[in-house]
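Student: I have a protein model open and I'd like to learn how to read it. Can you walk me through it?

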Amino acid sequence: MESRSKSILVVDDDRDLLTLVAFVLESEGYQVETSSDGQQGLEAVSRGMPGLILLDMKMPVMDGWAFAREYHSRHNPGAPIVVLTAADDAKRRAEEIGAAGWIGKPFDLDALVAVVGRYVQKG
Amino acid sequence: MSFGGHGRLQFLEAALASAADGVAIVDAEGRLVFVNDAGRRLVGTALPLGSLSQGLEAQLSVRHVDGRPMAPYQTPLAKALEGERLVDFPALLALPQGQEVHFSTCASPVRDEQGCIIGAIFVFRDVTNQRREERALREKEELSRRRTEQERDRLLKVLRETNERLVVANLRTKGLLHEIDAQRRLFQSVIENAPVGIALLRGPRYVLELVNPAYQAFAPGKLMLGKPYAKVWPETAAKTLPILDCVRRTGEPFHSIDLHRTIHRFPGGPLEDAYFTMAILPFHVPGDRDEGLLIVSIETTEQVLARGKIEVLAEEAQRRAAELQSVLDNMADGVFVCDREGRITLSNEAGARMLGLDCPDVPRHSLPDLPELFPMRHPDGSPFTYDEQPLVRALRGEDVLLEDGKIHNPQTKLDSYLRTTATPIRDDRGSIVGAVAATRDVTELAELDQLKDAFISVAAHELKTPVAVMKGYAQALLRTEVDLGAQRRGMLDAIDRGADRIDRIVRELLDISRLQLGHLELAIESIDLPAMVVQVVDRIALTAPEHRLRVVSTEPAVVKGDRDRLEQVLVNLLDNAIRYSPTEREIEVGVVVRDREAIVSVRDHGVAIPREKQGRIFQRFYRAHTGTPHDYGGMGVGLYISREIVSRHLGRMWFESEKGRGSCFYFSLPLRGIRGGK
């Protein structure tokens, strides 16, 4: 945990949501990087391993499943992934891709902050 | 020795020499003094004169006729020398050549003047042939006698046997006479009691000489016996007399089945239609020159008329059946009928098509064949057990309404969706004699339904992200330290709450589509039910500060179930209670344990559910209060989802509701719990 970066990578195709999450987490003191699909996410990871990845599942270009497969094959162990999804079986999806946790959409900001706080220390 | 004059002696010698019989003379001592030619020839040997007769006899071996040897003193000559006269004394002479000669001998003494025996004369004749003939004759006589006796015995035997037979025959004759008498009486009884009419007609006018009661019964009011046929049956004579004539003339019997006649049963009575099955036979009375006719007839009027009626009815029934079959066959719904034993007795073409059979093959099957023939499944994919089959349930007396199922077609690899209604068929007394099921292919509807569910699912997902954005920004603004003022904060709170409501609607829509598709999964865990109830009530109480929520009983109960889903049920019931209750009345929540079940109840004192709407409140999208002053919105799916969740937990949900007293909703959960796992 100590060696891990305190930054958070948020991967979601909804630009408004991306902006919201970045705004909230930055205002909580985290460094936040955003990507609008899995492909960009992988590129961001290759530039530098974040402390946590918040991952949407349904995305164009490269979806959450493909991202997770590729991510796990390249980086083992990497930073934990928390699934951020509108799907009602978020928990199962998280298990499927070996994610550490999940947050269902829509979410309370307090809940978001609490979950993130579990994995990453503020920097 | 002296014989008187010499001439006389010569004469005698000449006479003796020419005699056919053998003649020998011996002197007193037995010496042969004379033997004639015949004697020599007969003996067949030289007989030297002067030889002793005894020696001669010994040489010649004189025997008794039975073959025994004759003692010397017994010989005819010896006896003659003793003074005895032998006439026709039989003797047997065994000649040296081995042959035996039968002789008839005569011997007499020859005396002198003083009567002294001076010799003996022996005359012998060959009687062999004679003896043989005699014997043959005797044997012949014997044979004849024996034959005669045999014949006599045979005749006697025949006589005796004949006599015995006569005795037996006599007895039998008596028996036969008795039997004939019995048979005559039996015959009479048969004729009298026969269920067929019998009449004997005699003479050219066909006089009815014998009429049995059954024949008389054809026309009870008529005098028949002794009357000519034409007088008895004037109404039918024109038709029948030619037949009688024909039978009489040709000797050919006449037969007819259901012959139609119009007759008077009584003289002067009405003419009635009557039908007879009859035979008219020539009848010869032994010892009578005049032939008769025998009529044997049975009236079939009732049968013919009944048959006519049956035919009309059968035609009608056939027409009806054809109509029905045509209606059935033109129906889009599959129709199946089974009898009480579960044999399928009828199906229409649509039904046969559903089973993948030809219509005539369907009635060879019975209900136990159905799971294989027709592997119908519930909408969630589990197979119908035998007891769940609509026809089986209908046979048990249940009215099965709109039971949904699906079946996979291996050829098209597509599922067909079926909706079945089945009811028992009862007889006049109300006993179940079978069942009928109508199955409608609702695949198109189901596909539309699925399309709708898929649409809901996609739409709901798509809604979630914008809702998350709305909710998130509203909260983000509320989190800023800038002083927004109470009014602006209120607006942002409203946005947040609106997002929550949209989210709830979205979740309900998703639940419905999941339930419909059978995708609702439960994460089973042990739950302390009263603790959970208290927790949920406390949480809801916070959101409804104007209502008074109270937990009235908390009997300990641990159940197995999906915590989130069970909380969802309770939240639904509480939301409803809050929505339809005036604020000043309490809402009471309880947990009780009854018979291995935990029962959760939510009682309100609010607007009751109108009685006429109570039957439908668990239907999805049904809103009992639509269009009333109590329409507080909502999708009308909460109770539907709640009951489905409870039934997935093997529990039940029900309610009581009465105007003026409010409603109480219950749901039960088995205490043993349901098996965990996914």
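Predicted model: local features only at pLDDT ≥ 70, side-chain atom pairs only at ≥ 80, totals over all residues.

Student: How many helices and strands does chain A have, and in what order do they run?

Tutor: Chain A has five helices and five strands. Starting at the N terminus, read them off as β-α-β-α-β-α-β-α-β-α. As for burial, 54% of the 123 residues of chain A count as buried.

Student: Now chain B. What is the strand order in its open sheet of six strands?

Tutor: Go across the sheet and you meet β2-β1-β6-β5-β4-β3 of chain B, with antiparallel pairing. The edges are β2 (32-35) and β3 (62-63) of chain B; each has a single partner strand, so one side of each has no neighbour in the sheet.

Student: Which way do side chains point in a strand?

Tutor: The general idea is that in a regular strand they alternate between the two faces of the sheet. For a case here, take β1 (residues 22-27) of chain B, which is joined to the antiparallel β2(B) by three bridges. B:Val26 sits opposite B:Leu32 of β2(B).

Student: Which strands does helix α5 of chain B lie across?

Tutor: Helix α5 (residues 128-193) lies across β4 (86-94), β5 (100-111) and β6 (117-126) of chain B. Its direction makes an angle of about 125 degrees with β5(B).

Student: How do I read spacing along a helix?

Tutor: An α-helix has 3.6 residues a turn, so residues three or four places apart point the same way. In α5 of chain B, B:Glu142 and B:Arg145 are three residues apart, about one turn of the helix. They form a salt bridge, with the closest N and O atoms 2.4 Å apart. B:Glu142 is partly exposed, at a relative accessible area of 31%, and B:Arg145 is partly exposed too, at 38%.

Student: What lets side chains pair up like that?

Tutor: Side chains of opposite charge can pair when their charged atoms come close. Another case is B:Asp153 with B:Arg152, a salt bridge at 3.1 Å from N to O. B:Arg429 and B:Asp427 also form one, at 3.8 Å. There, B:Arg429 is exposed, with a relative accessible area of 72%, while B:Asp427 counts as partly exposed at 26%. Salt bridges that share partners also link A:Asp108, B:Lys471, B:Asp496 and B:Asp500 into one network.

Student: How long is helix α9 of chain B, and which of its residues are buried?

Tutor: Helix α9 (residues 301-329) has 29 residues and reaches 41 Å from first C-alpha to last, close to the 42 Å expected. Its buried residues are B:Thr301, B:Val304 and B:Leu328. They pack against β9 (254-264), β10 (271-283), β11 (292-299), β12 (334-339) and β13 (344-347) of chain B.

Student: Last one: what happens where the two chains meet?

Tutor: There, 19 residues of chain B are in contact with 21 residues of chain A. Between them the chains bury about 1,700 Å², 54% of it on carbon and sulfur atoms. Four salt bridges cross the interface.

Note on methods. Residues numbered from 1 in each chain as written. Chains lettered and ligands numbered in written order. Heavy atoms only, no water. Pairing = 2+ DSSP bridges. Helix = DSSP H or I, 4+ residues; strand = E, 2+ residues; numbered from the N terminus. Contact = heavy atoms within 4.5 Å. Axes fitted to C-alpha atoms, helices over the stretch in contact; angles between N-to-C directions. Expected span 1.5 Å × (residues − 1). Buried < 20%, exposed > 50% of the residue type's maximum accessible area, 1.4 Å probe, protein only. Buried area = accessible area lost by both parts, 1.4 Å probe. Salt bridge = Lys/Arg side-chain N within 4 Å of Asp/Glu carboxyl O.
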